[in-house]
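Please look at the sequence and the model together before reading on.

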Amino acid sequence: MPMPISPLAKQLFKRTRLLFVICLAAWLVPQFVDFPARYESRIDKAFDFVAIVTLFLQLGIWTNVLVGYWSRSYIERHGRDRGDATTIQAIAIVIRIALWIILGVLTLEEGFHQNVTALVAGLGVGGIAIAFALQNILSDLFAAMSIVTDKPFVIGDAIAVDNYSGKVEHIGLKSTRVRSDTGEQIVFGNSDLLKGRIRNYGRMDERLAALTTSVAGSTPPDRLARIPKIIREIIDDIPNTRFVRSSLTSISDATINFSTLYYLTDPSYQIYVDAQQTVMLEIMRRLKADGTTLGVQVESAAKEKVAGLLEAAPAS
């Protein structure tokens with residue numbers, strides 16, 4: 001049973017030029033055929049020149065196939081969205097240009113026997129000048145490569161950077177566009193974006209919810225001891241929640257405060273706000289049924305009492 005040929009091998013074979021095969025065969029001729037001595041040196045040089053030029057040309061074609069195969073495979077495996085595809089294609093173009101420049105310099109040196117030292121130095125100086133002129137664009141381009149390969153976020157993730165937050169809509173070569181929670185579009189330069197600290201809410205497995213419950217400062221200790229148990233029972237009855245703790249944290253004349261932590265096993269923000277609302281409403285019902293007064297009511301009553309005292313006070 002014949003071994004299957006990989007798609008890459010098929011592409012390399014398909015892009016192998018007949019001229020390369022002919023020149024390779026012609027280059028082997030002087031190895032087996034003796035030419036007259038007066039023509040032998042010229043014939044060897046001619047065959048060597050043709051072989052070197054066609055070899056580097058074929059190497060360029062093969063490397064072009066390899067880069068194209070790599071970019072398509074990477075997009076299929078990791079980046080089907082348009083932003084990733086654009087960035088990978090740009091990287092592939094840069095690699096192709098660099099490889100063709102290297103092969104061109106080698107052809108001049110090996111095939112045409114030219115001294116390329118000055119040319120390489122000129123390319124180096126020119127490259128440095130171009131890099132300085134385009135440093136902002138290049139920094140954004142390399143940042144785009146980092147985003148695509150390292151993937152700190154992908155299109156569709158909800159992220160927060162500094163005081164801005166929203167959902168990633170597009171990852172380009174120079175900028176990343178985010179649709180903010182309030183509706184407007186925010187455009188970040190890729191290099192500036194990676195300099196900050198990014199919070200990626202799209203990678204959350206669980207969401208932590210915190211809740212503070214305040215009751216009247218005159219609540220008896222036996223009722224206070226029941227409050228954490230009541231809160232736990234409420235949270236345990238709500239789907240997609242995992243209770244962590246509920247405990248008394250502070251005491252004052254007006255209020256006594258309890259701090260509660262629990263996890264939402266589904267990190268959706270809508271599920272989070274719905275769960276918080278359900279927990280708070282149920283706490284209010286259960287505490288009222290238990291005869292416990294919330295601290296907000298005490299604060300309101302205290303304000304009314306102070307207002308009454310001010311009204312009753314004699315005018316100065």
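Is Arg242 buried, partly exposed or exposed? The model is a predicted one, and in it Arg242 has a relative accessible area of 36%, so this residue counts as partly exposed. Its partner in a salt bridge is Glu206, and the closest N and O atoms of the two are 2.6 Å apart. The pair links distant parts of the chain, since Glu206 lies in the loop between β5 and β6 whereas Arg242 belongs to strand β7, 36 residues apart. Glu206, with a relative accessible area of 31%, is likewise partly exposed.

Side chains of opposite charge can pair when their charged atoms come close. The whole structure contains nine salt bridges. One of the pairs consists of Asp192 and Lys195, with a distance of 3.9 Å from N to O. Because these residues stand three apart in helix α7 (residues 190-195), about one helical turn separates Asp192 from Lys195. Asp192 is exposed at 51% relative accessible area, and Lys195 is exposed at 66%.

A further salt bridge, in which N and O are 3.7 Å apart, joins the side chains of Arg232 and Asp236. Here the residues are four apart in helix α8 (residues 221-236), and so they too are separated by about one helical turn. Arg232 is partly exposed, at 45%, and Asp236 is partly exposed, at 46%.

The next feature is a pair of strands. Strands β3 (residues 175-180) and β4 run antiparallel and are joined by five bridges; within this pairing, Thr176 has Phe188 of β4 as its bridge partner. Four residues lie between the two strands of this hairpin, and Gly183 in the turn has a positive phi of about 110°.

On the surface, Leu18, Val21 and Ile22 form a nonpolar patch with about 290 Å² of accessible area together. Val21 is located in helix α2 (residues 18-32) and, at 44% relative accessibility, counts as partly exposed.

Thr260 is buried, because its relative accessibility is 0%. Beyond residues up to four places away in sequence, Thr260 touches several others, including Ala209, Leu211, Ile231 and Phe243. Its side chain also makes a polar contact of 2.9 Å with the side chain of Ser246.

Methods. Residues are numbered from 1 along each chain as its sequence is written. This is a predicted model: local features need pLDDT of at least 70, side-chain atom pairs count only at pLDDT 80 or more; totals for chains, interfaces and linings use all residues. Side-chain values use heavy atoms; hydrogens and water are left out. Buried means under 20% relative accessible area, exposed over 50%, partly exposed in between (1.4 Å probe, protein chains only). A polar contact is a pair of N or O atoms within 3.5 Å; within protein, one must be able to donate a hydrogen and the other to accept it, and residues adjacent in sequence count only if both atoms are side-chain atoms. Contact means heavy atoms within 4.5 Å. Two strands pair if DSSP finds at least two bridges between them. Patches are made of residues with over 30% relative accessible area and no salt bridge: like charges are joined within 9 Å, nonpolar side chains (Val, Leu, Ile, Met, Phe, Trp, Tyr) within 5 Å. Accessible areas come from the Shrake-Rupley method with a 1.4 Å probe; for residues, only the protein chains shown count as cover. A salt bridge is a side-chain nitrogen of Lys or Arg within 4 Å of a carboxyl oxygen of Asp or Glu.
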